[in-house]
Amino acid sequence: MPDRRSWLLFLGIPGLLLYATFGVAQLRSAHALAEFKALQKAYPPDSLKVPPPEIQARKMGALLLAERLAPDNPEPAFQLGLLHMVKAEVDSFNPAPSEGDAEKRTQASLREGLRWIDRAIERNPGDAEVHFVKATLLQNLDGSVGEENSATSQEVHHLLRLADRLDPYRPGLHFRIGSFWISLGEKDEARRALTVALSDTFRFARPVFNLLWSVVADADELADFVGDEPLSRAMLGDFLWMHGYREQAQEQFDKVGASPSFDYRTGESLIVHYLREYQAEKARGVIARMERFEPKLAPFYRARLELFRGKAYAQESRFQDAIPCYESSLALDPANVQSHIELAEAYLQEGQPQKAIARLRFVLSRSLPVPRDIAAPGEIHYSLGRAYEALGDREGALAEYLRASSEDPGNALFSEKATTLTRGL
């Protein structure tokens with residue numbers, strides 16, 4: 001028995017050593033990858049600027065070490081591919097005195113980048129990003145990509161569709177895929193990809209429309225490019241309105257309004273448009289439709305609908321109707337600072353300056369953040385000044401007008417009010 005234990009111990013020691021070596025290699029690989037990411041953050045890639053040679057060498061060395069120590073990890077290979085692609089872009093924007101040498105260096109970097117990307121694909125063929133990068137490298141390597149029947153063009157098309165299929169919901173990736181399709185002249189493919197990008201309205205609505213605006217002939221062609229999805233039409237309408245195409249914008253919003261149903265984001269875009277066009281009744285009609293569409297909206301969204309309903313009444317000087325809407329909004333979402341400010345204004349317009357003062361003092365005492373599109377610097381103190389003036393408290397009003405002027409020294413209205421009251425005291 002002792003001999004048998006000795007043999008098991010003898011055989012187990014190499015296994016333990018191998019396992020420990022593997023663990024140390026993985027740890028060192030992770031450390032090298034972390035070093036590369038730190039360098040990327042400190043010295044971000046810039047295709048228009050030649051990076052310091054020592055920094056580029058450190059980045060490359062960290063990735064090669066990480067790849068060597070963890071050959072099953074696709075991340076170092078992917079990052080090496082990107083690094084060579086950026087190097088090719090830098091060489092193309094900053095050519096050496098010999099143009100031929102610059103072209104050779106660019107092509108060599110692209111081929112090396114493609115080699116590493118292929119290795120990353122071997123290790124993780126399900127990563128959509130890697131296939132997109134490969135399509136980009138191929139496009140830059142072969143000038144025949146735009147030729148429909150070329151082998152490279154067919155492969156690029158295949159890679160773009162594959163990236164779309166592997167990750168069909170990521171807006172950032174689809175914005176780049178859509179841009180790629182536009183460069184290839186494939187409008188239908190671009191429309192499908194950019195529709196996904198538009199699902200993230202906060203980050204990609206403006207970039208998508210700016211991109212499309214640069215490649216279409218007029219607003220009608222832009223509308224044709226976007227398609228019939230209500231949210232896309234609403235965002236297109238907003239884009240056209242901001243660029244002065246009011247008639248075409250109204251046409252898009254009318255089509256959105258004629259849709260049998262739409263989601264909350266689409267409905268809010270429609271409400272905001274009607275309010276800025278002073279079409280209060282239409283805005284209230286959309287609110288009523290949305291409440292029927294989605295009766296179980298979260299309190300945050302219900303609070304916003306009540307805010308919009310109050311604003312619609314306020315546009316018609318129906319402040320008695322607006323006040324309960326703002327109060328309902330605050331009951332649902334007490335942190336909605338816009339509802340506080342709108343309610344204070346409605347109280348003031350209805351001849352209840354004490355309530356207006358209490359509401360505005362509440363906002364100031366809680367230090368609630370007030371975005372500039374809701375109230376510019378000094379506006380809350382200006383409203384307080386108006387409320388004190390309505391009560392006949394000229395000294396209180398003057399103090400608030402002076403505070404408003406200090407927050408926005410260039411505002412002539414604030415200064416004029418303060419000057420007028422000063423003369424009367």
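A charge sits over a ring if NZ of Lys or CZ of Arg is within 6 Å of the ring centre and within 35 degrees of the ring normal.

**Entry 1: ground rules.** I am working with a predicted model, where local features need pLDDT of at least 70, side-chain atom pairs count only at pLDDT 80 or more, and totals for chains, interfaces and linings use all residues. Residues are numbered from 1 along each chain as its sequence is written, and side-chain values use heavy atoms, with hydrogens and water left out.

**Entry 2: charges over rings.** I looked up Arg 246 and found its charged end over the ring of Trp 241, 3.9 Å from the centre. I also noted Arg 115, which lies over the face of Trp 116 at 4.8 Å from the ring centre.

**Entry 3: ring pairs.** I took rings of Phe, Tyr and Trp (its six-membered ring) as paired if their centres lie within 6.5 Å; planes under 30 degrees apart are stacked, over 60 edge-to-face, and the rest tilted. The count is 10 aromatic pairs. One of them, Trp 213 with Tyr 245, is edge-to-face, with 5.5 Å centre to centre and 70° between the planes. Its two residues are 32 apart in the chain: Trp 213 is in helix H9 (residues 201-213), and Tyr 245 is in the loop between helix H11 (230-242) and helix H12 (246-257). Helices here are DSSP runs (H or I, at least four residues), numbered from the N terminus.

Which residues join Trp 213 and Tyr 245 in a cluster linked by ring pairs? I found Phe 209 and Phe 239.

I then checked exposure, where buried means under 20% relative accessible area, exposed over 50%, and partly exposed in between (1.4 Å probe, protein chains only). Trp 213 is partly exposed at 26%, and Tyr 245 is partly exposed at 31%.

**Entry 4: the largest pocket.** A pocket is an open set of points on a 1 Å grid over the protein atoms alone, where a 1.4 Å probe fits, with protein on both sides within 12 Å along at least five of seven lines; lining residues have an atom within 4 Å of a point. The volume is the space filled by probe spheres set on the points, which are joined across faces, edges and corners. For the largest pocket this is about 900 Å³. I found 32 lining residues, with Lys 311, Gln 338, Glu 342, Asp 373 and Ile 374 nearest the centre. The largest share of this lining, 9 residues, comes from H17.

**Entry 5: the second largest pocket.** I noted about 640 Å³ of space here. Among its 21 lining residues, Thr 201, Phe 202, Arg 265, Glu 268 and Ser 269 are closest to the centre. H13 gives the largest share of this lining, 7 residues.
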